[in-house]
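Here's a quick briefing for anyone meeting this structure for the first time. Have a look at it below, then we'll go through its pockets and one of its helices.

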Amino acid sequence: MALSWVLTVLSLLPLLEAQIPLCANLVPVPITNATLDRISGKWFYIASAFRNEEYNKSIHEIQATFFYFTPNKTEDTIFLREYQTRQNQCIYNTSYLNVQRENGTISRYEGGQEHFAHLLILRDRKTFMLAFEVNDEKNWGVSVYADKPETTKEQLGEFYEALDCLRIPRSDVVYTDQKKDKCEPLERQHEKEKKQEEGES
């Protein structure tokens with residue numbers, strides 16, 4: 001009897017798996033110190049797709065972006081240094097992101113408003129995603145980041161799964177092109193100044 005029950009359960013497993021939504025990788029999980037350690041350092045913005053018209057318009061203007069995350073675990077903030085290329089010009093910005101550990105979100109004040117994004121840690125440790133407006137179907141959006149400017153098909157797999165789940169056509173994806181980056185000279189200058197400061201202290 002027990003054996004037939006086990007066989008029945010096993011035979012149902014493929015059906016149960018089929019019912020699990022692709023959105024499994026869009027379920028936010030709490031942010032821990034280990035999460036913050038994992039996202040610390042230099043990242044490249046690779047691609048995104050948004051239903052929100054305002055965001056969609058904005059991402060079309062971005063040619064290339066890389067940035068540095070420096071988390072402060074005590075204050076639950078992330079210091080962001082961002083190098084963005086728009087219209088063949090380098091725009092450098094620094095700001096602080098707030099970390100909402102329990103919700104699995106990070107947020108940024110911009111234009112007098114706080115914008116929230118769910119931080120999604122992926123199977124590939126060299127990538128992560130941010131999901132925007134996950135409870136508002138008209139404004140859904142997802143962006144993907146990697147530790148190098150070039151990504152493999154495998155690395156983008158979970159990003160594409162998320163788009164399929166949110167019913168955002170892959171044709172809506174806007175990719176950056178690191179070859180158009182104009183910020184590398186400024187980054188080198190900043191690194192040089194940092195070393196000089198460290199040498200003087």
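The largest pocket takes up a volume of about 830 Å³. Keep in mind that this is a predicted model. The second largest pocket holds about 150 Å³ of space.

**The largest pocket**
- A set of 29 residues lines the largest pocket.
- If you want to find its centre, look for Glu82, Gln84, Arg108, Glu110 and Phe132, the lining residues that lie nearest to the middle of the largest pocket.

- About 150 Å³ of space sits in the second largest pocket, and 13 residues line the second largest pocket, with Phe116, Ala117, His118, Glu133 and Val134 closest to its centre.
- Strand β6 supplies the largest share of this lining, six residues.
- The lining of the second largest pocket splits into five nonpolar, five polar and three charged residues.

**Helix α3**
- Helix α3 covers residues 53–60, and Tyr55, Asn56 and Ile59 are buried in it.
- Looking down the axis of α3, you'd see the buried residues fall within an arc of 100 degrees, so they line one face of the helix.
- Those buried residues of α3 pack against β1 (41–50), β2 (62–72), β6 (113–121) and β9 (174–175).
- On the face of α3 turned away from the buried side, you'll find the exposed residues Glu53, Glu54, Lys57 and His60.

Methods
Residues numbered from 1 in each chain as written. Predicted model: local features only at pLDDT ≥ 70, side-chain atom pairs only at ≥ 80, totals over all residues. Heavy atoms only, no water. Buried < 20%, exposed > 50% of the residue type's maximum accessible area, 1.4 Å probe, protein only. Helix = DSSP H or I, 4+ residues; strand = E, 2+ residues; numbered from the N terminus. Arc of directions from axis to C-beta. Contact = heavy atoms within 4.5 Å. 1 Å grid on protein atoms, 1.4 Å probe; cavity = no way out; pocket = protein on both sides within 12 Å on 5 of 7 lines; lining within 4 Å. Points joined across faces, edges and corners; volume = space filled by probe spheres on them. Nonpolar A, V, L, I, M, F, W, Y, C, P; charged D, E, K, R; others polar.
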